[in-house]
Amino acid sequence: MAEPLDRNAKSLNGLLREARACTHCAQQLPHPPRPILRAGRRARIALIGQAPGARVHESGVPWQDDSGRRLCEWLDVTRDELLDPDRFAILPMGFCWPGRRRGGDLPPRPECAPLWHARILQALPDLSLKVLIGQYAIARYLDDRRGRMLAETLASFRDYLPHTIPLPHPSWRSRLWMSKNPFFEAELLPVLRQRIHHLLR
Ligand code: SF4
């Protein structure tokens, strides 16, 4: 009975090797590609974020910045737990840092998620929850089920349970957004934490 898992592990490891060597949109990146993603065959939760920032690009460690600290608070997990690939698969919408523009980073490269996500997600046999972090992941995975505004989509979070939960991007800007949308801390975060604890138990 171990064979399907072993086969998944082999195909997952092969896929991760292939993805980490990807140069598909190298011409559009302002630096050599450095795909940053993690996944273990036992992962039950996929964190689908935006794209690595400059600090993460330099370190090669996902969510190693202030946004990652805030995300750990929201999920109520430690950094070690967040970075354990058998707990969380970390698959940004763009695996490589897309570079900067005035006022922040460029959007994730649009080629990346269509090229990689479905293949990697299919190689995770125990996956039970996708946490969609920010507008790009929400647009791809909720498509016409999302509201017109981010707040509208998040206020309807119960409609997407139990397999999907949308979140804002946990950048410094999220503090202002949270102060204007108190349901996020009062209602969404407790449900998110309960679901995460249940799946990590
Ligand atoms: S952003 Fe994605 S598609 Fe582009 S080079 Fe990096 S891994 Fe490949």
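Q: If buried means under 20% relative accessible area, exposed over 50% and partly exposed in between (1.4 Å probe, protein chains only), which residues of helix 3 are buried?
A: In helix 3 the buried set consists of Ser67, Gly68, Arg70, Leu71, Cys72, Trp74 and Leu75. That is 7 of the 10 residues in this helix, which runs over residues 66–75 and is mostly covered. Helices (H or I, at least four residues) and strands (E, at least two) are DSSP runs numbered from the N terminus.

Q: What sort of model is this, and how are residues numbered?
A: The model is predicted, with local features needing pLDDT of at least 70 and side-chain atom pairs counting only at pLDDT 80 or more, while totals for chains, interfaces and linings use all residues. Residues are numbered from 1 along each chain as its sequence is written, and side-chain values use heavy atoms, with hydrogens and water left out.

Q: What share of the contacts joins residues at least 24 apart?
A: Taking contacts (heavy atoms within 4.5 Å) between residues at least 6 apart in sequence, 72% join residues at least 24 apart.

Q: Moving to helix 6, which residues are buried there?
A: Ala137, Ile138 and Leu142 are buried in helix 6, which covers residues 135–142. Those three cover an arc of only 100° around the axis, which puts them on the same side of helix 6; the arc is that of the directions from the helix axis to the C-beta atoms.

Q: And what do they pack against?
A: The buried residues of helix 6 pack against strand 1 (45–48), strand 5 (129–133), helix 7 (150–155) and strand 6. After helix 6 comes Asp143, whose phi is positive, near 45°.

Q: You mentioned strand 6; where does Thr164 sit, and is that residue buried or exposed?
A: Thr164 lies in strand 6, which runs over residues 164–167, and its relative accessible area of 12% makes it buried.

Q: What does Thr164 touch?
A: Leaving aside residues up to four places away in sequence, Thr164 touches Leu129, Lys130, Leu132 and Leu142. Leu142 is one of the buried residues of helix 6.

Q: Last one: where is Leu200, and why does it count as partly exposed?
A: Leu200 belongs to helix 9, residues 183–200, and it counts as partly exposed because its relative accessibility is 24%.

Q: Which residues does Leu200 touch, and how far is Ala186 from it?
A: When residues up to four places away in sequence are not counted, Leu200 touches Ile45, Val77, Arg87 and Phe88. Ala186 is 14 residues from Leu200 in sequence and 22 Å from it in space, C-alpha to C-alpha.
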